[in-house]
Amino acid sequence: MSNHRVLLLFLVTWISHCEEVLSSYAGSASSIINPSKVKQISWNPRAFVYEGFLTDLECDHLISLAKSELKRSAVADNLSGESQLSEVRTSSGMFIPKDKDPIISGIEDKISSWTFLPKENGEDIQVLRYEHGQKYDPHYDYFSDKVNIARGGHRVATVLMYLTDVTSGGETVFPNAEVSSEFSLCSQETPHRRGSEKGTDLSECAKKGIAVKPRRGDALLFFSLLPNAIPDTNSLHAGCPVLEGEKWSATKWIHVDSFDKTVGPGGDCTDNHQSCVTWASLGECTNNPEYMIGSSDLPGYCRKSCKAC
């Protein structure tokens, strides 16, 4: 067999394999989720690590899409809600649309299956690169301004996916995290070691709270709101400075309502919950106007049933 025919056969086989890999993402994502790989690292805030959430192919794909599009990361101003550069956050990043390709769609499905939260409630995945010394100081993922809350409401949960191993530093740390007495009795680890194999592996920054060491393919899920929808101040977290190596990660912020739905200046004259008619008949438009009707800046969920538009 000639070298040309061997090369042609190899290319046909390789293309066929790639098509099989891509088509596999069209299947049910729920079959990919393995609860036995999830471990709880904190109850306050509620935080969990899924070991091996992403495959090597998915990690490499996210990095390859982002490399040529990176820009300096910004933060949201607490008063105006506008994005601005700050020394609080020194990484670079970019966003990847949810329907970019089959691999990204598969990751989106997998996130939704694990969190039990709708895909439409999530922002686009943000891929971030942290080089030596770069970090993200302690901050909350929920908002303090009405501008950002107007689209999708508060961020209720965050899924942080680690795309590379980091030789030293780069941990995600929760300085305010609490360890329940029940959980402490069941664990031989001290709070700051949880999420790391050895306490000595952690940087000084990470030892200030419960920390998760970045490992390629792992994902961290934590909730920024309490079960009663009040912001959880224990969800304060930081990205520790990278001391050696380079850190790549991908973040999915998930809101309490659809982030894909845009709201006009006057708000939508619709009901956004199937129980709105019932609640309105029970007097909730008067008893709970903030949720039911809202305001011009932040429309409520049952404006139509409350005849507010």
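## The chain overall

The model is predicted. Its chain has 309 residues, and 45% of them count as buried.

Take the contacts between residues at least 6 apart in sequence: 76% of them join residues at least 24 apart. The chain exposes about 16100 Å², and carbon and sulfur atoms supply 54% of that area.

In soluble globular proteins, nonpolar side chains tend to be buried together. Here, the largest nonpolar core has 33 residues. Those with the most contacts inside this core include Phe-53, Leu-62, Ile-107, Trp-114 and Met-161. Several elements each supply at least two residues, among them α2 (56-66), β7 (125-130), β9 (155-162) and β16 (247-255). Helix α3 gives the most, with five residues.

Look at Trp-114. Leaving out residues up to four places away in sequence, Trp-114 touches Ile-33, Val-38, Phe-48, Tyr-50, Phe-53, Val-159, Ala-219, Leu-220 and Leu-221. A second, separate core has eleven residues, including Val-49, Phe-174, Ile-210 and Leu-220.

Strand β11 (residues 172-174) pairs with β14 over two bridges, in the antiparallel sense. Val-173 stands opposite Ala-238 in β14.

## Three disulfides

A disulfide is a covalent bond between the sulfur atoms of two cysteines. The whole structure holds three disulfides. One of them joins Cys-205 and Cys-240, with sulfur atoms 2.1 Å apart. Cys-205 lies in the loop between α5 (181-185) and β12, while Cys-240 lies in the loop between β14 and β15 (242-244), so the bond ties together parts that are 35 residues apart in sequence. This link is left-handed, with -80° about the S-S bond. Cys-205 is partly exposed, at 22% relative accessible area. Cys-240 is buried, at 1%.

Another disulfide joins Cys-276 to Cys-302, S to S 2.0 Å. Cys-276 is in helix α6 (residues 276-281) and Cys-302 in the segment after α8 (289-292), 26 residues apart. Both cysteines of this pair are buried.

Cys-285 and Cys-306 form a disulfide too, their sulfur atoms 2.0 Å apart. Cys-285 sits in helix α7 (residues 284-287), and Cys-306 in the segment after α8, 21 residues apart. Cys-285 and Cys-306 are buried. This link is left-handed, with -90° about the S-S bond.

Most residues other than glycine have a negative phi, and most peptide bonds are trans. Some places in this chain depart from that pattern. The peptide bond from Asn-44 to Pro-45 is cis, with omega near 5°. Pro-45 is in the loop between β1 (38-42) and β2.

Phe-116 has a positive phi of about 60°. This residue is in the loop between α3 and β7. Is Phe-116 buried or exposed? Phe-116 is exposed, because its relative accessible area is 74% and the cut-off is over 50%. Ala-229 also has a positive phi, near 75°. Ala-229 is found in the loop between β13 and β14 (237-239).

How values were computed: Residues are numbered from 1 along each chain as its sequence is written. This is a predicted model: local features need pLDDT of at least 70, side-chain atom pairs count only at pLDDT 80 or more; totals for chains, interfaces and linings use all residues. Side-chain values use heavy atoms; hydrogens and water are left out. A nonpolar core is a set of buried Ala, Val, Leu, Ile, Met, Phe, Trp, Tyr and Cys residues joined through side-chain atoms within 4.5 Å. Buried means under 20% relative accessible area, exposed over 50%, partly exposed in between (1.4 Å probe, protein chains only). Helices (H or I, at least four residues) and strands (E, at least two) are DSSP runs, numbered from the N terminus. Contact means heavy atoms within 4.5 Å. Two strands pair if DSSP finds at least two bridges between them. Accessible areas come from the Shrake-Rupley method with a 1.4 Å probe; for residues, only the protein chains shown count as cover. A disulfide is a pair of cysteine sulfur atoms within 2.5 Å.
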